[in-house]
Amino acid sequence: MDHKVDFQVFPSENMVPAPDRARLLDNLGFGKVFTDHMVAVSWEAGKGWHEAHVRERRPFQLDPASAVLHYAQEIFEGMKAYRTEQGSIVLFRPEENARRFQNSAARLAMPIMPEELFLDAVERLVRIDREWLPAGEGSLYLRPFMFADEAFLGVRPANRYTFCVIASPVGAYFKGGAKPITVWVTDKYSRAAPGGTGAAKCGGNYAASLIAQAEAIEKGCDQVVFLDAAEHRWVEELGGMNIFFVMESGTLVTPPLGTILPGITRASLIALARDAGMNVEEKPYSFEQWRDDAAAGRLKEVFACGTAAVVAPIGHVHHGDNRFSIGSGEVGPVTRQLREALVGIQKGSRPDPHGWLHVIA
Ligand code: PLP
Ligand code: COI
């Protein structure tokens, strides 16, 4: 049955020697360094999940007709393992990643991976590659993903898939660390439309966002902000992060779920803000309002959030030929407070009242 998949473990015989690993861990950016192993599980129609391996990280052999190469049936997740101050290794709300992976799979007409199998695979990789967990600020970014590898050119859901998990020790996502970023609000490109795949974490969404992100970089900005596809009016999210607005009244506003990715950081920050007595509203917020609120001083802070970026303050906004800043363009107190609350739980320096940490034995 699906849930009873036995893993075969083949420890790598080509592990990176400890001194080289230490050197790599000393100079981390985001997603450039990879650990020694990978986990792979196969799925086939009629057979279900089978052939689960933990083995040396190595290239796949793909038939040139593999469905993923033509019709982009691919989904992924992004999560992190942290070393707590007490020395244990923890995952942050990994069940949420497992569930979102199931929802993404359903949207892309892919097989549903049982939550226990997803968690088992992730934990196995963290355990075998635990020496790659950076000390201090860094974390081990985990990238579970699944793609269609049936060789078939007809357009229909494939009958064969590979699920895989790789890991990458990471430091800060942005080069400037926790310094405020500048965003580019695009009028030209949309990320997702109602009825589309915006709420799924599929590679295709990112492929479609790259040109907009490139435009942002060309305009001297760090990240792109997308507006809704129908009216080009409502703020949705960034290329790889959700967004929050902190109003003068103390209320936090964040765009509602629907066409955006339901971020686990977003959900966690909503809970932490409410724990701290703040009012949080998930409601549509227009770009026009954003600009007016910033000009009138009603908008105090804006920040982006996600697993990779954690909490990233937004200091400046560019749109067409117009530019404006949020407050003084510096990190605001609410952004700092929420970032510290979240990171404190993840690193074990603060209590975990919601039971979000999942300790890896
Ligand atoms: N929005 C997009 C488009 C993303 O890629 C991500 C990152 O995964 C997020 C939001 C934030 O999601 P999470 O907090 O679950 O990492
Ligand atoms: C993540 O935060 O996990 C993402 O997938 C976003 C991507 C920009 C790295």
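The model is a predicted one, and the values below are computed from it. Ligand 1 sits in the largest pocket, and ligand 2 likewise sits in the largest pocket. Elsewhere, a search of the whole structure finds 13 salt bridges, one of which is described at the end.

**Ligand 1**

- The shell around ligand 1 is made up of 17 residues, and the closest of them are Lys201, Tyr206, Glu237, Thr265 and Thr307.
- At least two residues of this shell come from each of three elements, namely strand E11 (235-238), helix H6 (264-275) and strand E15 (299-306).
- In the side chain of Tyr206, an N or O atom is 2.4 Å from an oxygen atom of ligand 1, while a nitrogen atom of ligand 1 has a polar side-chain atom of Glu237 at 2.5 Å.
- The backbone also takes part, with an N or O atom of the Ile264 backbone lying 2.7 Å from an oxygen atom of ligand 1.
- Ligand 1 exposes 380 Å² when it is taken alone, and the protein buries 96% of that area.

**Ligand 2**

- The residues that surround ligand 2 are Phe30, Phe76, Gly78, Tyr141, Arg143, Tyr173, Lys201, Gly240, Thr307 and Ala308; among them, Lys201 and Thr307 are also listed with the closest residues around ligand 1.
- From the backbone, a polar atom of Ala308 is 2.9 Å from an oxygen atom of ligand 2.
- Taken alone, ligand 2 exposes 280 Å², of which the protein buries 87%.

- Side chains of opposite charge can pair when their charged atoms come close.
- Arg99 and Glu96 form a salt bridge in which the closest N and O atoms are 3.1 Å apart.
- Both residues belong to helix H3 (residues 94-107), and because they are 3 residues apart there, Arg99 and Glu96 are separated by about one helical turn.

Note on methods
Residues numbered from 1 in each chain as written. Chains lettered and ligands numbered in written order. Predicted model: local features only at pLDDT ≥ 70, side-chain atom pairs only at ≥ 80, totals over all residues. Heavy atoms only, no water. Near = heavy atom within 4 Å. Polar contact = N/O pair within 3.5 Å; in protein donor to acceptor, adjacent residues only side chain to side chain. Areas by Shrake-Rupley, 256 points an atom, 1.4 Å probe, with all protein chains shown as cover. 1 Å grid on protein atoms, 1.4 Å probe; cavity = no way out; pocket = protein on both sides within 12 Å on 5 of 7 lines; lining within 4 Å. Sits in = over half its atoms within 2 Å of the grid points. Helix = DSSP H or I, 4+ residues; strand = E, 2+ residues; numbered from the N terminus. Salt bridge = Lys/Arg side-chain N within 4 Å of Asp/Glu carboxyl O.
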